[in-house]
Amino acid sequence: MPDAIVARALAKRYGRIDALADLTLRVERGECLGFLGPNGAGKSTAVKILVGLVRATGGDAQLLGRPVGDRRTRARIGYLPELFRYPDWLAAHEVLGFHAKLMRLSDADLAIDLVLDEVGLRERARDRVGTYSKGMQQRLGLAVALLGEPEIVFLDEPTSALDPVGRSDVRALIERLRARNTTVFLNSHLLGEVERVCDRVCVVDRGRVVAEGTVDALTGETRGVRVRADDGWHDYDVAHAEIPGLVARLVADGVRIHAVEPKQTTLEERFLALVRHA
């Protein structure tokens with residue numbers, strides 16, 4: 001089977017500004033890819049090209065083995081934009097019903113009930129969107145993206161309006177999508193969220209990929225430990241095999257040890273280093 005997403009040297013130019021210059025990436029089926037970059041790096045432009053809303057000025061891309069924009073393929077993808085709004089006077093069920101008609105779903109009522117349960121809006125399905133909080137509207141946008149059980153889901157800042165409980169729910173939702181072998185393309189500024197749920201990470205800056213790989217591969221191997229004693233935390237730059245000896249020496253010197261943790265470069269630290277270098 002072809003890969004879920006393939007992009008080769010994608011470029012997009014707006015006047016004299018290059019939103020994308022040479023974006024090349026590949027996403028396997030069932031994979032969750034974290035798509036990271038600073039503001040203005042071209043992330044949202046790339047997503048809009050992949051879902052067929054913007055035409056690239058260079059390069060090419062495919063979804064599920066077909067060129068982007070293919071009508072049959074578009075019916076197999078879901079998309080949550082970063083900025084969206086539904087009419088305040090419509091109920092959530094009506095919003096989903098409208099999208100179900102556009103998708104020509106054969107059993108629309110069942111599909112709508114499934115996604116309302118998935119995002120936790122079943123009890124508010126008949127309430128008007130205008131009565132929803134920002135977090136509830138974000139959940140509705142997620143429901144629209146999941147309608148019809150798409151094979152690829154593009155999520156552009158899906159947790160931007162959610163509280164910690166809502167973010168936890170989205171993480172659990174992404175895990176369920178992965179269990180169903182749904183490909184997830186996650187564009188997010190919350191690097192901690194990405195670190196928890198994504199199989200791989202792609203970092204872009206100025207329209208180009210500057211790093212790509214698993215979180216462990218990008219952050220590097222763990223070296224050193226943090227030791228918490230009575231007077232706080234202390235860092236020791238030692239190899240993994242030397243940690244027991246270090247602890248033994250500290251105890252022999254009369255140090256009371258409360259905790260020992262490995263030192264690990266975080267995804268945020270690695271991201272900042274990549275972007276500042278680029």
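Axes here are lines fitted to C-alpha atoms, for helices over the stretch in contact, and angles run from 0 to 180 degrees between N-to-C directions. Everything below comes from a predicted model, where local features need pLDDT of at least 70, side-chain atom pairs count only at pLDDT 80 or more, and totals for chains, interfaces and linings use all residues. Residues are numbered from 1 along each chain as its sequence is written, and side-chain values use heavy atoms, with hydrogens and water left out.

**View 1. Helix α5 alongside helix α6.** The axes of α5 and α6 come within 12 Å and cross at roughly 10 degrees. That makes α5 roughly parallel to α6 (angles under 35 degrees count as roughly parallel, over 145 as roughly antiparallel, 65 to 115 as roughly perpendicular and the rest as oblique). Helices (H or I, at least four residues) and strands (E, at least two) are DSSP runs, numbered from the N terminus. On the α5 side, look for R139, L142 and L146; they meet G166, D169, V170, L173 and L177 of α6, where contact means heavy atoms within 4.5 Å. Sorted by class, this contact of α5 with α6 has 5 nonpolar, 1 polar and 2 charged residues. For the classes, Ala, Val, Leu, Ile, Met, Phe, Trp, Tyr, Cys and Pro count as nonpolar, Asp, Glu, Lys and Arg as charged, and the others, Gly among them, as polar.

**View 2. Helix α3 against helix α5.** Here the axes of α3 and α5 come within 10 Å, crossing at roughly 25 degrees, so α3 and α5 are roughly parallel to each other. Their crossing is right-handed (a crossing is left-handed if the near helix is turned anticlockwise from the far one by less than a right angle, and right-handed if clockwise). From α3 come A92, V95, L96 and H99, which meet L140, A143 and V144 in α5. The tally for the contact of α3 with α5 is 6 nonpolar, 1 polar and no charged residues.

**View 3. Helix α4 crossing helix α5.** Helix α4 covers residues 108-119 and helix α5 covers residues 134-146; their axes come within 9 Å and cross at roughly 135 degrees. The two helices α4 and α5 are therefore oblique to each other, and their crossing is right-handed. V115, E118 and V119 of α4 make the contact with R139, L142, A143 and L146 of α5. Those residues divide into 5 nonpolar, no polar and 2 charged.

**View 4. The largest pocket.** About 680 Å³ of space lies in the largest pocket. Of the 17 residues lining the largest pocket, R74, A75, I77, L102 and M103 are the closest to its centre. Two or more lining residues each come from α2 (71-74), β6 (77-80), α3 (92-103) and α5. The lining divides into 12 nonpolar, 2 polar and 3 charged residues. As for the terms, on a 1 Å grid over the protein atoms alone, a cavity is a set of points where a 1.4 Å probe fits but cannot get out, and a pocket is an open set with protein on both sides within 12 Å along at least five of seven lines; lining residues have an atom within 4 Å of a point. Grid points are joined across faces, edges and corners, and a volume is the space filled by probe spheres set on the points.

**View 5. The second largest pocket.** This one has a volume of about 360 Å³. Its lining has 22 residues, with G148, E149, P150, R180 and T182 nearest the centre. Helix α4 gives the most to this lining, with 5 residues. By class, the lining of the second largest pocket divides into 10 nonpolar, 6 polar and 6 charged residues.

View 6. A search of the whole structure turns up 1 cavity of 30 Å³ or more. The largest cavity has a volume of about 60 Å³. Its lining is made by P158, T159, V170, R171, I174, L186, S188, E193 and V197. Helix α6 gives the most to that lining, with 3 residues.
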